[in-house]
Amino acid sequence: TKARDEYERMISYQTQKVTGNPESCEEKARLGCCFALIANIDKQLAVDKKLALLGDGINLFEYIMSKTGDDMESEHLLWFCDLLELRGITLIGNGKFDSAIEDFNEAIKLYRRLKINLKPKVKAKLASLYVLRANALFYNRNSVTTKTCLEDVNEAISILEIIKKSSPEVFNAGFQLLLSRWYKLRNALKSHITLYEKQARGG
């Protein structure tokens with residue numbers, strides 16, 4: 001309860017800053033960051049309130065992008081991606097796979113704008129987005145095939161393997177287990193594809 005009071009004070013303060021300087025992209029970005037932090041930290045937040053917070057944050061960064069375009073600050077773009085990822089994960093939890101896929105698609109597209117300059121940990125977040133999208137696609141197979149999911153998982157694995165070679169200290173600090181899990185996921189998808197193709201042939 002005390003934490004929520006602090007959250008509300010933080011949002012109220014930053015909302016006032018935005019109101020006082022409505023043209024400032026920086027103030028809007030800070031407010032969007034507040035929404036992202038609260039949605040991520042408050043595990044007891046009701047789903048509808050969480051989605052509303054994330055939606056408000058995304059709207060702020062969409063406004064910033066409309067004003068700055070390709071000159072959008074990297075830090076702002078990364079916060080934008082975090083909000084999209086958080087909303088996508090929340091949507092998956094509520095079975096809204098189509099909407100989740102849209103958010104993951106947008107976040108991946110934004111990350112690609114920075115791909116050359118991404119730090120290893122940020123590259124790993126991009127890799128995670130590919131796996132999240134693969135999961136959403138797999139459970140939404142009305143419109144896609146498992147092979148598409150496999151392509152995403154392969155892309156995620158290739159990113160982590162690049163980090164393993166180029167930044168072993170970062171990789172060894174927390175990504176070995178993740179890579180191992182993704183190898184298992186890839187093998188499971190391959191087995192699923194093989195079984196499906198065998199059934200399709202009547203075997």
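Author: A contact here means heavy atoms within 4.5 Å. This is a predicted model, where local features need pLDDT of at least 70, side-chain atom pairs count only at pLDDT 80 or more, and totals for chains, interfaces and linings use all residues. Residues are numbered from 1 along each chain as its sequence is written, and side-chain values use heavy atoms, with hydrogens and water left out.

Reader: At what angle do helix 2 and helix 4 pack?

Author: Helices are DSSP runs of H or I with at least four residues, numbered from the N terminus. Axes are lines fitted to C-alpha atoms over the stretch in contact, and angles run from 0 to 180 degrees between N-to-C directions. For helix 2 (residues 25-41) and helix 4 (residues 74-93), the axes are 10 Å apart and the angle is about 35°.

Reader: How is helix 4 oriented relative to helix 6?

Author: The axes of helix 4 and helix 6 (residues 120-138) come within 11 Å and cross at roughly 25°. Angles under 35 degrees count as roughly parallel. Helix 4 is therefore, relative to helix 6, roughly parallel.

Reader: Which residues of helix 6 meet helix 4?

Author: Helix 4 brings Leu78, Asp82, Glu85, Ile89 and Ile92 to this contact. Their partners in helix 6 are Val122, Lys125, Leu129, Leu132 and Ala136.

Key:
Helices (H or I, at least four residues) and strands (E, at least two) are DSSP runs, numbered from the N terminus. Angles under 35 degrees count as roughly parallel, over 145 as roughly antiparallel, 65 to 115 as roughly perpendicular and the rest as oblique.
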